[in-house]
Amino acid sequence: MNIRVEKIAVPKQKPDEKNLGFGKFYTDHMFVMDYDSHKGWHDARIVPYGPIPLEPTCVTLHYAQETFEGLKAYRTAEGKILLFRPEMNARRMINSNRRLCMPEFPEEMFVEAVKAIVKMDADWVPSEPETSLYIRPFMFATEGALGVHAANSYKFVIVLSPSGAYYKEGVNPVRILIEDELVRAVKGGTGFAKCGGNYAASILGQVKAEKKGCAQVLWLDGVERKYVEEVGTMNVMFKINNEIYTAPIDGSVLPGVTRDSILHILRDWGYTVHEERLSVDDLMAAGHSGALEEAFGTGTAAVISPIGEFIYKEDSVKINDFKTGELTQKLYDYLTGIQWGKEEDKYGWTTVVE
Ligand SMILES: *Cc1c(COP(=O)(O)O)cnc(C)c1O
């Protein structure tokens, strides 16, 4: 791929690495590439980070033809920059785009573009403990037209955001509201695709959860509201009687890269893993009997987020006395160890940006 580079005139001042928060600062540059049905993908470029002009009738603004990805670049103690399984994000975006009738962005081009923009803004990859450079590739329709149809022009963009720990309190258990009314996704819909529309539909649940003093929502399946699926923007796992349970990837659940990595590690460590439906009633019963030993969400942003309590209708259960479980902590330490180059990468999951 031939990438044209237009450098920023005056580089921005970098934020304090000790107070980054999540997704609040953006680097000097962004990657942009255009698509239209005649020329295909063309004009790859790295340009100063800034606004993108849109037609008021842009299909994205009306019909949400938009998909995105999320991954991170990590600074090792030796100063190298590592990416974690970027090809998984590339393949997932292809699957999301197929569902939304958007053009595919080829896997090799995706990884090349991510490496190029990270290399360009390499001095923005922070080195304080627990910090990383969050990478947000996204694609959206640019055609201006009010008829509902697959647009014939798109933009693929990558922006970068130096970020600290997702939760500023650190890896601490959170309280979760099990949502019994609103649903996030149904099979046949777009639950498996990483698209903005899914998020728009989920915000009301998040608002409800916050009003009840909860950090996130646990979504039940969209048909019976009976089986547990995901926690907010994360996949969710439960340790019940020393075995692991998580929802299967069968249409309504997002196939997380963190989920896949954690399941690999757990199987390697000898755990029995059940990728099968678990009902909310069985979950709450396991909570009350003490069989539910640990619960946690998995996702790139927070990596692993321990769950300390579930609230469901009039009922609630505390997990492990609202303390981070032993396995949860061990998984967090091991996976982030691989990501920051502190642990041997025996699975070959990291790629150096050079
Ligand atoms: C992105 C996302 C996840 C986590 O995926 P990772 O690849 O592990 O970051 C889980 N659920 C939803 C709904 C998501 O959008």
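Colleagues, the model is predicted: local features need pLDDT of at least 70, side-chain atom pairs count only at pLDDT 80 or more, and totals for chains, interfaces and linings use all residues. Residues are numbered from 1 along each chain as its sequence is written, and side-chain values use heavy atoms, with hydrogens and water left out.

I begin with the whole protein. There are seven helices and 18 strands; these are DSSP runs, numbered from the N terminus, with helices being H or I of at least four residues and strands E of at least two. The C-alpha trace spans about 60 × 55 × 35 Å along its principal axes. The radius of gyration is 21 Å, which agrees with the value near 20 Å that a compact globule of 354 residues would have. That radius is taken over C-alpha atoms, and the globule rule is 2.2 Å times the number of residues to the power 0.38.

Of the 354 residues, 55% count as buried. Buried means under 20% relative accessible area, exposed means over 50%, and partly exposed lies in between, with a 1.4 Å probe and protein chains only. Among contacts with a separation of 6 or more, 70% are accounted for by residues 24 or more positions apart; a contact means heavy atoms within 4.5 Å.

How many residues does the largest nonpolar core have? That core has 38 residues, and those with the most contacts inside it are Phe31, Phe105, Val118, Ile135, Phe156 and Ile158. A nonpolar core is a set of buried Ala, Val, Leu, Ile, Met, Phe, Trp, Tyr and Cys residues joined through side-chain atoms within 4.5 Å. Elements that each supply at least two residues of this core include β2 (29–36), α2 (86–99), α3 (107–120), β7 (132–141) and β8 (153–163). The largest share, eight residues, comes from α3.

Phenylalanine 31 illustrates the packing. Leaving aside residues up to four places away in sequence, Phe31 touches a set that includes Met1, Ile3, Ile46, Phe105, Ile117, Phe156 and Ile158. There is also a second, separate core of 26 residues, which includes Leu218, Val228, Phe238 and Ala295.

I now come to several loop residues. Arginine 225, in the loop between β10 (216–220) and β11 (228–231), has a phi near 50°. Asparagine 241, in the loop between β12 (234–240) and β13 (243–246), has a phi of about 45°. Why does arginine 225 count as partly exposed? Arginine 225 is placed in that class because its relative accessibility is 35%. Asparagine 241, at 55% relative accessibility, counts as exposed.

Two further loop residues are buried. Threonine 142 is found between β7 and β8 and has a relative accessible area of 19%, so it counts as buried. Excluding residues up to four places away in sequence, threonine 142 touches Cys58, Ser153, Tyr154 and Lys155. Glycine 189, in the loop between β9 (174–178) and α4 (196–211), is buried with a relative accessible area of 15%. Which distance separates the C-alpha atoms of glycine 189 and glycine 251? They are 7.6 Å apart, although the two residues are 62 residues apart along the chain.
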